[in-house]
Amino acid sequence: SSQIIPSLSAAELADIDAEISHAPYKAAVAIDALKIVQSYRGWVSDESLKAIAQHLEMSPAELDGIATFYNLIFRQPVGEQVILLCNSVTCWIKGYEQIREQISQHLGVGLGETTTDKAYTFLPVTCLGACDKAPVMMVGDELHEHIDRNDLTQIFRSRE
Ligand code: FES
């Protein structure tokens, strides 16, 4: 159909439609569509979410459920880099609390917050499936394993 959805760009729609073209049904590309919009905008607003849902012929609530379940879709504006610190049980036992404090010190923000220069957003995440390498965190796309004070100093060196 040639229905106009003003809150998605032509480029976003083209990318989403390319995914749909080799999917069994539209809603099957839900996560890809969310990722596509996020790659253009940095995050997925309520308005974008509704537009994607409409395009995929699913309800916004259903799509929001998927977005919430998938850790790497951001429903709030985020900084250039997102730090996801695992707070599930193994990482928690292996020193989550200390690492959380150290990261907060380096960044000057708490969990759920973005630095004033918009360089980093610091978020908790549930088990990343790397428990044998606990404690772990993601910085952007990169998994950091067995994190300790030295790693943190290196990662945030430019901010010292
Ligand atoms: Fe942290 Fe599994 S508990 S990766």
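This is a predicted model: local features need pLDDT of at least 70, side-chain atom pairs count only at pLDDT 80 or more; totals for chains, interfaces and linings use all residues.
## A contact to start from

Residues are numbered from 1 along each chain as its sequence is written, and side-chain values use heavy atoms, with hydrogens and water left out.

## The chain as a whole

The chain has seven helices and five strands. Both kinds of element are DSSP runs numbered from the N terminus: helices are H or I runs of at least four residues, and strands are E runs of at least two. Followed along the sequence, the pattern reads α-α-α-α-β-α-α-β-β-β-β-α.

The C-alpha trace spans about 55 × 35 × 25 Å along its principal axes. Of the chain's 160 residues, 41% count as buried. Buried means under 20% relative accessible area, exposed means over 50%, and partly exposed lies in between, with a 1.4 Å probe and protein chains only. The accessible surface of the chain is about 9100 Å², and 51% of this belongs to carbon and sulfur atoms. Such areas come from the Shrake-Rupley method with a 1.4 Å probe; for residues, only the protein chains shown count as cover.

A contact means heavy atoms within 4.5 Å. Among the contacts in the chain with a separation of 6 or more, 60% are between residues 24 or more positions apart.

Where does Q38 lie? Q38 belongs to helix α2, residues 30-41. Q38 counts as buried because its relative accessibility is 13%. Beyond its neighbours within four places in sequence, Q38 is in contact with W43, V44, L72, I73 and F74.

In helix α3, the buried residues are S48, L49, A51, I52, A53, H55 and L56. Their cover includes α1 (10-21), α2 and α4. An α-helix has 3.6 residues a turn, so residues three or four places apart point the same way.

## Back to E57

E57 follows α3 and has a positive phi, near 55°. This residue lies in the loop between α3 (46-56) and α4 (60-69). Is E57 buried or exposed? E57 is exposed, because its relative accessible area is 63%. From E57 to A134 there are 77 residues in sequence and 40 Å in space, C-alpha to C-alpha.

## The five-stranded sheet

The five strands form an open sheet in the order β2-β3-β1-β4-β5, with mixed pairing. Its edge strands are β2 and β5 (142-144), each pairing on one side only. Two strands pair if DSSP finds at least two bridges between them. Strands of a sheet pair through backbone hydrogen bonds, either parallel or antiparallel.

Strand β1 (residues 81-86) runs parallel to β3, and six bridges join the two. Along this pairing, I83 has F122 as its bridge partner in β3, and C86 stands opposite V125. With strand β4 (residues 137-139), β1 pairs in the antiparallel sense over three bridges; there, L85 has M137 as its partner. Five of the six residues of β1 are buried, which leaves the strand mostly covered. Strand β3 (residues 120-125) is mostly covered too, with five of its six residues buried.

Strand β2 (residues 113-114) is antiparallel to β3, and two bridges join them. In this pairing, T114 stands opposite T121. The hairpin of β2 and β3 has five residues between the strands, and in this hairpin K118 takes a positive phi near 65°.

## A nonpolar patch

Which residues make the nonpolar surface patch of about 370 Å²? V89, W92 and I93 make this patch. Patches are made of residues with over 30% relative accessible area and no salt bridge: like charges are joined within 9 Å, and nonpolar side chains (Val, Leu, Ile, Met, Phe, Trp, Tyr) within 5 Å. A salt bridge is a side-chain nitrogen of Lys or Arg within 4 Å of a carboxyl oxygen of Asp or Glu.

W92 lies in helix α5, residues 89-93. W92 counts as exposed because its relative accessible area is 52%.
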